[in-house]
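Please take the sequence and the coordinates together, and follow the strands, their pairings and the aromatic contacts in turn.

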Amino acid sequence: MRLLVILLLAVSIKARHIEKECTGIVVNDILQNEEILKTHVMSPYQLAMDYDTNTLFYSYSTEDSNVFQSAYLNLKTNEFGNIPGIAGGFANAVDNKKNTVYLGGKDGIYEFNYNSKTAQRLDITDDNIWQLIYKDKLYYSKYPEEHAYIFQNGRVERVPELINTRAMLLCVDDYNNIYFSNSSGLFIHKKANDAVIHIGDFNVNGFTYDVHGDIFFSTPDGIFSIDVAKKEVRNVAKIESVSVYGVAIDITGNIIYASEDSIIRLKPSAKNCPTEDATVTFY
């Protein structure tokens, strides 16, 4: 009996010890180390990765909170720079097949020039761009109307599936299903039957793809992935210490997220921290 009590006490102490070690952000049951990539950036938003150059593009608020600035950060060399020539730079997207970087401002869409580190306005639209995202074609949303558009074959048109709804942010999967968010939550427009389904009351503030084309999104309190095959949304990382403003995935699969004043990369430690899998299924 005494031996049993000692064993139970040892298990209890070990369990408490593991719980203490697992304080922090856990991704796929692995405790993460937080690598600060950039500080002193106010409300960094709309993160986008150029995998060819290992460069992160994002926007942030200047000291005049009504003015937004586009910027880049090379994750290999740590080179940072503001991108001049954009009126109110707010949105970022990368065509990783053609290595083309698109930037959005209050008067339209720009293309980034790596040689000059400047942006050239394209003759596409003069809309006030809220979001840009690239998935075989260039998609964008317009502020304040919350209308979604697509640029293809040299012209802009409303995304046909979303004409009758508001879309602040959107992305598209490999089956041409469209995921979009507005003040009412996260939705999917299913290509197969032209149906719109409410996935959940997620306060989405950023969509992104990893190098494989898998979809991730952020909310103020965490990072989520969308498993298209299983029709599930999974809470990949719960982040309680700060408010999350956006997300990107680096070329090795590490999560990069934006907080109120920093850009942080999560890198796995050697500590295994099993967590309860939280998923939402949609049909």
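In this predicted model, the hairpin of β17 and β18 has four residues between its strands, and Asp-194 takes a positive phi near 60° there. The two strands, β17 with residues 185-190 and β18 with residues 195-200, run antiparallel and are joined by five bridges.

A sheet can be followed next in the strands β11 to β14, which form an open sheet of four strands in the order β11-β12-β13-β14, with antiparallel pairing. Because β11 (129-135) and β14 (155-158) each have a single partner strand, they stand at the edges, and one side of each is left without a neighbour in the sheet. Neighbouring strands of this sheet are turned by 25° against each other on average, direction ignored. Inside the sheet, β12 (residues 137-142) and β13 (residues 147-152) run antiparallel and are joined by five bridges.

Ser-141 belongs to strand β12 and stands opposite Ala-148 in β13. With a relative accessible area of 0%, Ser-141 is buried, since the cut-off for that term is under 20%. A polar atom of the Ser-141 side chain lies 2.7 Å from the backbone oxygen of Met-168. Apart from neighbours within four places in sequence, the residues in contact with Ser-141 include Asn-128, Trp-130, His-147, Ala-167 and Leu-170.

Trp-130, one of these contacts of Ser-141, is found in strand β11. Is Trp-130 buried or exposed? Its relative accessibility is 19%, so Trp-130 counts as buried, the limit being under 20%. When neighbours within four places in sequence are left aside, Trp-130 is in contact with Tyr-45, Gln-46, Phe-90, Ala-91, Ser-141, Tyr-143, Met-168 and Leu-169. The C-alpha atoms of Trp-130 and Asn-92 are 9.5 Å apart in space, although 38 residues separate the two in sequence.

Among the contacts of Trp-130 are aromatic residues such as Tyr-45 and Phe-90, and ring pairs link Tyr-45, Phe-68, Phe-90, Trp-130 and Tyr-143 into a cluster. The structure holds 18 aromatic pairs. One of them is formed by Tyr-45 and Phe-90, a tilted pair with 5.2 Å from centre to centre and 35° between the planes. Tyr-45 lies in strand β3 and Phe-90 in the loop between β6 and β7 (91-95), so the pair ties together parts that are 45 residues apart in sequence. Tyr-45 counts as buried at 11% relative accessibility, and Phe-90 is buried with a relative accessible area of 10%. Phe-57 and Phe-112 form an edge-to-face pair, with 5.1 Å between centres and 70° between the planes. This pair links distant parts of the chain, with Phe-57 in strand β4 (residues 55-61) and Phe-112 in strand β9 (residues 108-113), 55 residues apart, and both Phe-57 and Phe-112 are buried.

Strand β5 (residues 68-74) runs antiparallel to β6, and three bridges join the two. Leu-73 has Phe-80 in β6 as its bridge partner, and Lys-38 lies over the face of Phe-80, at 3.9 Å from the ring centre. A further lysine, Lys-135, lies over the face of Tyr-209, at 5.2 Å from the ring centre.

Technical notes
Residues are numbered from 1 along each chain as its sequence is written. This is a predicted model: local features need pLDDT of at least 70, side-chain atom pairs count only at pLDDT 80 or more; totals for chains, interfaces and linings use all residues. Side-chain values use heavy atoms; hydrogens and water are left out. Two strands pair if DSSP finds at least two bridges between them. Axes are lines fitted to C-alpha atoms, for helices over the stretch in contact, and angles run from 0 to 180 degrees between N-to-C directions. Buried means under 20% relative accessible area, exposed over 50%, partly exposed in between (1.4 Å probe, protein chains only). Contact means heavy atoms within 4.5 Å. A polar contact is a pair of N or O atoms within 3.5 Å; within protein, one must be able to donate a hydrogen and the other to accept it, and residues adjacent in sequence count only if both atoms are side-chain atoms. Rings of Phe, Tyr and Trp (its six-membered ring) pair if their centres lie within 6.5 Å; planes under 30 degrees apart count as stacked, over 60 as edge-to-face and the rest as tilted. A charge sits over a ring if NZ of Lys or CZ of Arg is within 6 Å of the ring centre and within 35 degrees of the ring normal.
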